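Me: I would like to learn how to read a few features of a model. Please give the general idea each time, then the case here.

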Amino acid sequence: MLALAGIPLGERFVFWGEGSDEARRASPAADVGTLFAGAYADPAAIAAFAERVDVVTYEFENVALAQAEALAARVPVYPPPRALAVSQDRFEEKTFFTRLGIPTPSFNPVDTRLELDRAAKAIGLPAVLKWRRFGYDGKGQAVLWSESDLNEAWNRLGSAPCILESFVHFEREVSIIAVRGRTGELHTYPIFENGHEGGILRTSHAPARGTTGALETRAAEYARAVAEALGYVGVLTLELFVTKDGLVANEMAPRVHNSGHLTIEGAVTSQFENHVRAVLGLPLGSTALTGYARMVNLLGRVPPIAPLLAVGARVHLYGKEPAPGRKVGHVTVCAANEDTADARTAEVLRLIA
Ligand code: AMP
């Protein structure tokens, strides 16, 4: 989607993926750019890749930090590798939020079973045990409702460093997407409301329902604080819980975000185009919405697309091999008013059920 946004601006793309030749050829990126092969840790591959490109970006937060830093010594890398260091480790991330005055759940690092007991006492239950690194879409985490859950959660997750964080009784989950240019120019999209199923994003709504100006302003302040502290360039996402006491930060993503896919049709400038503009040092585009937009992820299988197109939905298929729970595409509906957007979304959900 980054390449689809950047090609009309005259750019060409080289994609570095580590899998087998066959896996790389099957990658959606193969249709929109040149593929580069090489082990991420191989210094010769890093040097060869840097020779091929003018600027490097990433859309996956588990890029190896050493690789990003080695590339940054040869060619501009945006967002800055420091953003990776912060967002790859939930303990670093929450420490960073706290330092910036951004509310986040109480948290303690947990490396041993004894530390889990101590953390559960300090934080109280319910609480959520999470791997510090490599968790995503609800993987690598367990909710501890009572003391009797500690053993099983530890047996499942305790082989890797963890954090225990307090359980947030949230009303809604939202995200705020910001884009910061090389000159420090910063824009934020309106906040999006996100619905999850089994820890996986299923729907995003823009604008978020029941949004007040104060909530939006506060979310934008948090995004700005994170972006400025990191000297950030590109698109940055903050995932936030809306609680009765205000916003609480869950995590940040140093990249374009699934909740922002609706900006392709629903905003003046998509998150993908704005990210490409930012990393190239071009003026950024307006982040205003053009109406009401809803995004529905296609999970696990590709439904027949003709009925979706017939109801006015826009379809994006990623060309990925279907697998249970895998995001194989998304559908967007846009409308000038909220009722029409909701009615069309209900129709889409019926068609893909
Ligand atoms: P994460 O991988 O941290 O984004 O977590 C996946 C989902 O788990 C979130 O979107 C929430 O729905 C839920 N979740 C994560 N952390 C907490 C928490 N501290 N309290 C309540 N729910 C949480």
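Me: Which backbone atom lies 3.0 Å from a nitrogen atom of the ligand, and how is such a pair read?

Reply: A polar contact is a pair of N or O atoms within 3.5 Å; within protein, one must be able to donate a hydrogen and the other to accept it, and residues adjacent in sequence count only if both atoms are side-chain atoms. Here a backbone N or O atom of S166 is 3.0 Å from a ligand nitrogen. The ligand alone exposes 480 Å², of which the protein buries 90%; accessible areas come from the Shrake-Rupley method with a 1.4 Å probe, and for residues only the protein chains shown count as cover. This is a predicted model, in which local features need pLDDT of at least 70 and side-chain atom pairs count only at pLDDT 80 or more, while totals for chains, interfaces and linings use all residues. Residues are numbered from 1 along each chain as its sequence is written, and side-chain values use heavy atoms, with hydrogens and water left out.

Me: How many residues surround the ligand?

Reply: A residue is near a molecule if one of its heavy atoms lies within 4 Å of it. The ligand is surrounded by 16 residues, and K130, E165, V168, E173 and E251 are the closest. Five are nonpolar, five polar and six charged, where Ala, Val, Leu, Ile, Met, Phe, Trp, Tyr, Cys and Pro count as nonpolar, Asp, Glu, Lys and Arg as charged, and the others, Gly among them, as polar.

Me: Which strands each supply at least two residues of this shell?

Reply: Strands (E, at least two residues) and helices (H or I, at least four) are DSSP runs, numbered from the N terminus. Those strands are β4 (127-131), β6 (162-166), β11 (234-243) and β12 (246-253).

Me: Where is P79, and what kind of peptide bond joins Y78 to P79?

Reply: P79 sits in the loop between α4 (65-72) and α5 (81-87). The bond is cis, with omega about -5°. Another cis peptide bond links A206 and P207, with omega about -10°; P207 is in the loop between β10 (200-206) and α9 (213-229).

Me: How many disulfides are there?

Reply: A disulfide is a covalent bond between the sulfur atoms of two cysteines. With a cut-off of 2.5 Å between the sulfur atoms, the count is zero.
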